[in-house]
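Biologist: Can you take me through this model? I'd like to start with the ligand and then move on to the fold.

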Amino acid sequence: MSRHEVGPSLAWSTVPLGAMSLIGGEWVSSPGASRSVVSPYNGAVLGELREASPDDISRAIEDATTAFREWRAVPLKERAARLFEFRTLLLANIDRVSVSAALESGKTFGEAKAEVLKAIEVIEFATSLQNGDLGGAIEVSRGVSCEYRREPLGVVVGVTPFNFPAMVPMWMIPIALAVGNSFILKPSDKVPFTPCVLGDLIKEAGFPPGVFSIVQGGSSAVEQLITDPRVQAVGFVGSSPIAKTVYARATSGGKRALCLGGAKNHLIAVPDADPDITVDGVVASFTGCAGQRCMAASVLVAVGDVDHIIDRIIKKSSDIVLGRDMGALIDKGAVVRLTNAVATAARDGARVRLDGRNAKPPAGLEGGNWFGPSVLDDVRPSMECSCAELFGPVLSIIRVRTIDEALELERNSAYGNALSVFTTSGHVARYVSERATSGMIGVNVGVPVPREPFSFGGTKDSKFGSGDITGWGGVELWSNRKKITTKWSTQSDKNWMS
Ligand code: NAD
């Protein structure tokens, strides 16, 4: 199979599709299992995924180990120069990467482009590390100084989900490489192609072979990577049950791990909220990427009478055109899951005010995984749709009387990624921000993703491990602080440390 084989019915695609592993700087067509990957847009075969065999994975780790010995000694400014080059190539190829990400994940081209731009922000942060304060020394006693310096960990691994084929890998790769590690990416087997395009560009940017590798595969590849003693650290992003398992497996073997999980994000609207900002923010949050974002709005907590806002949210959501404003779900299983979730909510007493079941597919894309925006009103906290992560364009409205009741709902959630409050009152904004339990808080922002250098990470079952994955959190995750205490001369006024 050529890596540049294009799926038969996607002649409009300009993307080379054929997912192989990148090992020792070369594309490897592994003898492991192979299968077809289809587009969520129309069910057409996009290309073939070849899983890396256990031998290939072992070789990837060995090559990464060898590459690390030299890469760690390359000055940070030179490592950053490779990342600069990669950023330039990524910008020049942004349409190619975005088409690939849209085709395989089902999101719109605009959403895919936005995720690449966010990925570029992380690269820019990583390149800026060369000008940052990554060490320092203080004279701690007469003639004695203590210094700390950042040291890379060695071979580190990133395991990523389907919903952001370009951005989530880039949460990890640039920072891990900048601080001197060699990195092995295990992308989601649902979206194996975009990582290959990124791998091509990383290769072209001149990183030494083995510094960056890709191994394609599923859970057995992850198991091998996170239990291999040559691997020092694991970054994982995906659903909570798997994040929890991967965290336990990796840390029980002595590895550093940070595993981000699922979410159930609450948006609070109070009567003084600006209607325009609130309607736009809520609709974009729960329908963007067809709700397949770990920062998507899932529960709208309506405090008091905000019906004038809710009516407009429903109107705006019902105007959304599938295939133009909103993309497809990742697979048929997701369509069935959401269909059942809406049916269960209705059976349990929720009012279905907008029903995305049996949404009309865009013309010519009937084979895709389509599900329209759905709004469930009068939802009670005990219902499945108010507790479970649905991961689709479904907004559950829970009505409460006070802000404290709204906060209690959020506090009782198993997850802790995001909470946003829509208000024109600084007091309410502060009150909520200080008391909410989520890791990322928004005020009049529907998707409160922190921009670099602020780091990304939630709480509770949305994150296993400490710290965050991007920004300075990423620097902490992928490096150690080495402490060096130095004395060059004997001092006359000795103390206990001299
Ligand atoms: P997933 O958990 O099914 O898969 C994530 C990764 O784990 C993939 O690479 C997959 O191949 C691998 N994997 C699957 N089963 C495994 C197993 N048994 N053992 C080891 N590895 C396994 O997640 P997904 O469906 O691809 O992505 C959607 C989920 O990711 C949602 O829950 C979403 O909230 C979450 N997510 C979280 C964040 C965040 O920042 N917290 C960001 C994006 C997505």
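**Ligand, sheet and a buried glutamine**

Modeller: A backbone N or O atom of Phe162 lies 3.0 Å from an oxygen atom of the ligand; a polar contact is a pair of N or O atoms within 3.5 Å, and within protein one must be able to donate a hydrogen and the other to accept it, while residues adjacent in sequence count only if both atoms are side-chain atoms. This is a predicted model, where local features need pLDDT of at least 70, side-chain atom pairs count only at pLDDT 80 or more, and totals for chains, interfaces and linings use all residues. Residues are numbered from 1 along each chain as its sequence is written, and side-chain values use heavy atoms, with hydrogens and water left out.

Biologist: How far is the side chain of Ser239 from an oxygen atom of the ligand?

Modeller: An N or O atom in that Ser239 side chain is 2.6 Å from a ligand oxygen. For Gly238, a backbone N or O atom lies 3.3 Å from an oxygen atom of the ligand.

Biologist: And how much of the ligand does the protein bury?

Modeller: The protein buries 85% of the 840 Å² that the ligand exposes when taken alone (Shrake-Rupley method, 1.4 Å probe; for residues, only the protein chains shown count as cover).

Biologist: Switching to the sheet. What is the strand order?

Modeller: The order is β14-β15-β16-β13-β12-β18-β19, an open sheet of 7 strands with mixed pairing. Strands are DSSP runs of E with at least two residues, helices are runs of H or I with at least four, and both are numbered from the N terminus. Two strands pair if DSSP finds at least two bridges between them. The edge strands are β14 (351–354) and β19 (440–443), each pairing on one side only.

Biologist: Which way does β15 run against β14?

Modeller: β14 and β15 (residues 374–377) run antiparallel, joined by 3 bridges. Arg351 has Asp377 as its bridge partner, and Leu354 has Val375. With β16 (residues 394–400), β15 pairs in the parallel sense over 3 bridges, and Ser374 stands opposite Val394 there.

Biologist: Now Gln292. Where is it found?

Modeller: Gln292 is in the loop between α9 (275–287) and β13 (297–303).

Biologist: Is Gln292 buried or exposed?

Modeller: Gln292 is buried, because its relative accessible area is 4%; buried means under 20%, exposed over 50%, and partly exposed in between, with a 1.4 Å probe and protein chains only.

Biologist: What does its side chain reach?

Modeller: The Gln292 side chain reaches the backbone oxygen of Ala328 at 3.2 Å.
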